[in-house]
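Colleague: I've got the model open and I'd like to go through its contacts with you. Can you take me through them one at a time?

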There are 2 protein chains.
Amino acid sequence: MYSALMSTSERLIEATRELLWERGYVGTSPRAVQQAAGAGQGSMYHHFAGKPDLALAAIRRTSEEMGAAAEAVLGGEGTAYARIEAYLLRERDVLRGCPVGRLTMDPEVIADPVLRAPVDEALGRLRARLAEVVREGLDSGELSASLDADEIAATVVSTVQGGYVLARATGSRAPFDSAVRGLLSLLTPRTAAG
Amino acid sequence: MYSALMSTSERLIEATRELLWERGYVGTSPRAVQQAAGAGQGSMYHHFAGKPDLALAAIRRTSEEMGAAAEAVLGGEGTAYARIEAYLLRERDVLRGCPVGRLTMDPEVIADPVLRAPVDEALGRLRARLAEVVREGLDSGELSASLDADEIAATVVSTVQGGYVLARATGSRAPFDSAVRGLLSLLTPRTAAG
């Protein structure tokens with residue numbers, strides 16, 4: 001499944017990331033990771049102390065990637081509204097959902113402060129970054145002054161995370177797209193909306 | 001765990017509902033259900049053909065309850081905005097999340113059309129019911145005419161479902177409440193917001 005040029009520990013991390021995304025922490029067995037990575041049990045325990053240790057490395061990398069993907073659009077050119085729009089409309093594999101957000105449904109991730117920390121940090125950083133952009137829009141008068149930047153940032157991230165839930169329920173990305181369009185229509189600068 | 005007055009099949013369904021909510025389908029073993037229900041393996045297979053059959057009964061009941069809880073606020077008195085507000089602010093065990101929505105993160109539920117059907121129907125009915133209320137608000141001029149009822153309904157449900165994700169990540173209901181307040185501030189009748 002992975003290139004022979006990748007080190008064994010790299011293959012283990014990448015296999016774990018895929019399995020966590022697809023099946024979650026509870027549904028991912030060390031044996032399944034070893035099979036997907038083409039690594040033996042001894043090799044896995046040589047590189048990682050166990051499933052939690054390997055999962056932590058995988059979750060950290062996935063969380064970093066989520067942050068970088070968001071920054072690529074939120075840190076770009078354009079008005080605050082245009083950057084929030086770009087974030088909401090950026091290309092996504094909607095039916096797979098969010099590899100970070102889905103971990104919050106995993107009881108063993110949520111119960112373990114070490115595994116939960118990178119999930120909490122990634123979603124917290126995303127909200128903070130979005131709040132900065134919303135604040136720019138408030139300062140420039142582009143967004144309605146009655147809005148609260150932190151609240152709107154939470155609404156934006158929730159719409160995306162909940163949009164995945166609706167899309168996966170129907171087996172189609174349509175409800176995700178509806179939810180995002182609905183939010184954008186609510187955020188549309190009031191001067192433009194009349 | 002359950003009253004001795006409940007029939008064995010009732011105890012099995014209620015135990016399955018709790019375990020599906022807490023651990024999901026992949027993380028729920030027949031043995032755990034039997035233990036929680038105080039029922040033997042033979043008894044479980046006397047009443048249900050297997051885990052999928054029992055899960056289906058549990059998911060159907062949970063989906064019906066979700067619909068009834070939503071209708072209790074959406075079918076109440078008041079303006080469209082007031083009823084959407086009541087839906088968003090209704091009492092919830094935020095850190096447990098939605099027992100229906102969480103199933104969408106379960107690969108075995110999503111891959112099985114029979115198990116996915118009640119999840120899809122429950123979230124679909126909820127969106128349709130909310131869209132009716134939004135449409136009332138559009139017709140009365142209470143909500144901005146530039147909004148689309150189906151889109152706003154999807155945004156409302158997504159905000160709730162995604163709010164659970166944010167709350168569970170932080171271990172606090174605060175981000176859920178922020179997301180809901182943000183959405184309400186965006187929905188506030190424009191005449192009132194000025």
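Modeller: The side chains of Glu151(A) and Arg181(B) make one, with N to O at 2.9 Å. Before we go on: this is a predicted model, where local features need pLDDT of at least 70, side-chain atom pairs count only at pLDDT 80 or more, and totals for chains, interfaces and linings use all residues. Residues are numbered from 1 along each chain as its sequence is written, chains are lettered from A and ligands numbered from 1 in the order in which they are written, and side-chain values use heavy atoms, with hydrogens and water left out.

Colleague: Which residues does Glu151(A) touch?

Modeller: Contact means heavy atoms within 4.5 Å, and residues up to four places away in sequence are not counted here. On that basis Glu151(A) touches Ser178(B), Ala179(B), Arg181(B) and Gly182(B).

Colleague: How many salt bridges are there between chain B and chain A?

Modeller: Glu151(A) with Arg181(B) is a salt bridge, and so is Arg23(A) with Glu108(B), whose closest N and O atoms are 3.5 Å apart. Arg23(A) is in helix α1 (residues 8–23) of chain A and Glu108(B) in helix α6 of chain B, so that pair joins two chains. Arg23(A) is partly exposed at 27%, and Glu108(B) is partly exposed too, at 31%. The count between chain B and chain A is 4.

Colleague: What is the area buried between chain B and chain A?

Modeller: Buried area is the accessible area (1.4 Å probe) that two parts lose on being put together, summed over both. The contact takes 46 residues from chain B and 46 residues from chain A. Carbon and sulfur atoms give 61% of the buried area, and the total is about 4,200 Å².

Colleague: How many residue pairs are in polar contact between chain B and chain A? And which helix gives the largest share of the side of chain B that touches chain A?

Modeller: A polar contact is a pair of N or O atoms within 3.5 Å; within protein, one must be able to donate a hydrogen and the other to accept it, and residues adjacent in sequence count only if both atoms are side-chain atoms. Between the chains there are 18 residue pairs in polar contact, both residues at pLDDT 80 or more. Helices that each supply at least two residues of that side of chain B include α1 (8–23), α7 (113–139) and α9 (174–187). The largest share, 15 residues, comes from α8(B).

Colleague: Which side chain does the side chain of Arg17(B) make a polar contact with?

Modeller: Arg17(B) is in helix α1 of chain B and counts as buried, at 13% relative accessibility. Leaving out residues up to four places away in sequence, Arg17(B) touches Ala58(B), Arg61(B), Thr62(B) and Glu65(B). The polar contact, at 2.8 Å, is with the side chain of Glu65(B).

Colleague: How many residues apart in sequence are the parts tied together by Arg135(A) and Asp150(A)?

Modeller: Their side chains meet in a salt bridge at 3.2 Å, N to O. Arg135(A) lies in helix α7 (residues 113–139) and Asp150(A) in helix α8 of chain A, so the pair ties together parts that are 15 residues apart in sequence. Arg135(A) is partly exposed at 36%, as is Asp150(A) at 43%. The separation asked for is 15 residues.

Colleague: What is the distance between the closest N and O atoms of Asp150(B) and Arg135(B)?

Modeller: Asp150(B) is partly exposed at 45%, and Arg135(B) is partly exposed at 35%. They form a salt bridge, and the distance is 3.2 Å.

How values were computed:
Helix = DSSP H or I, 4+ residues; strand = E, 2+ residues; numbered from the N terminus. Buried < 20%, exposed > 50% of the residue type's maximum accessible area, 1.4 Å probe, protein only.
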